[in-house]
Amino acid sequence: MPFQRITILGCGLIGGSFALALKQAGFAGEIVGWGREDALERARQRGAIDRGVVDLAQAVADADLVYLSTPVGAILDLLPQVGQAAKAGALVTDAGSTKVAICARAKEVLPKKVTFLGGHPLTGKETSGIENADADLFVGAKYVVIKERKEAEEAEEEFGSESVREFLGWLRRVGAEPVVLDAETHDRAVAFTSHLPQLLSTALAAAVWDETDRDKLTVSLAASGFRNMVRLASSPYEIWRDICATNSENISRALERLERRLARLRARLRSPELAEEFEKAQQLSQQFRANAKR
């Protein structure tokens, strides 16, 4: 049977956008939201959910798909309760930005009567909340789904669960591109491509803040390049606290690599060898832009 009821746990940017995208893509079943009462009312007014439920067990009980889109720490806390309340045959998935800790927790606490699929949409904004939700947020975005390392290279059609295959179908309908990875590979990669840029933006903004005088002279001279660099610095700490805590080894390694690169730049400021650093950076930038156009 196709999904008749989908429950979104956490109707913020990602959860709200997923609900709006499902409706835009033609989902005709019921979408139930869970969270704070005020947040649920805003999600209902946006048209993201059909109704809101503040009791977790009640929200989950009859759902065919349970979509956890809270911060990582909350996902880890919610999984045992979801496992107790979910019906037999339900698919439980998450949108957390780190996967090793979440997948291990799910394997530990979820009963065999439900199927778990770790996931991570590689999209988002620096602003959070249902107010910033967008039905087109997933269009053109890769959406990582997790398999064990020994199975990750298999075709996604090899997923045994019909509910997983249906979920992958809905991902395509909302415009996303499913990508199968194991949890360890995912966390190692996003430490460089997602978590490191966030911390770099945060560090840059904090450093400039320290150098800004009472007349705001330094910031007053900033232009579009600086604005682009510190855009991620607006991201909420509550989300990144959990990401850093659950992927600390990979992030630490990424920061170490960046520190070495910055030290090399500093040493080459007056040297012709500085050109080599720019050439490498330009090659990566051009490759990224070319891939983005495909």
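Let's start with R268, which forms a salt bridge with E273, their closest N and O atoms lying 3.5 Å apart. Keep in mind that you're looking at a predicted model. R268 counts as buried because its relative accessibility is 15%, and buried means under 20%. E273, at 38% relative accessibility, counts as partly exposed.

Across the model, the count comes to 18 salt bridges, taking a side-chain nitrogen of Lys or Arg within 4 Å of a carboxyl oxygen of Asp or Glu as the rule.

Now hop over to K87 and D64, another salt bridge, with the closest N and O atoms 2.7 Å apart. K87 sits in the loop between α4 (72-85) and β5 (91-94), while D64 is in the loop between α3 and β4, so this pair ties together parts that are 23 residues apart in sequence. As for accessibility, K87 comes in at 31% and counts as partly exposed, whereas D64, at 16%, counts as buried.

Which residue does R5 pair with? R5 forms a salt bridge with D62, and here the closest N and O atoms are 3.4 Å apart. This one links distant parts of the chain: R5 belongs to strand β1 (residues 5-9), D62 to the loop between α3 (56-60) and β4 (65-68), and the two are 57 residues apart. R5 has 22% relative accessibility, so it counts as partly exposed; D62 also counts as partly exposed, at 47%.

Methods. Residues are numbered from 1 along each chain as its sequence is written. This is a predicted model: local features need pLDDT of at least 70, side-chain atom pairs count only at pLDDT 80 or more; totals for chains, interfaces and linings use all residues. Side-chain values use heavy atoms; hydrogens and water are left out. Helices (H or I, at least four residues) and strands (E, at least two) are DSSP runs, numbered from the N terminus. Buried means under 20% relative accessible area, exposed over 50%, partly exposed in between (1.4 Å probe, protein chains only).
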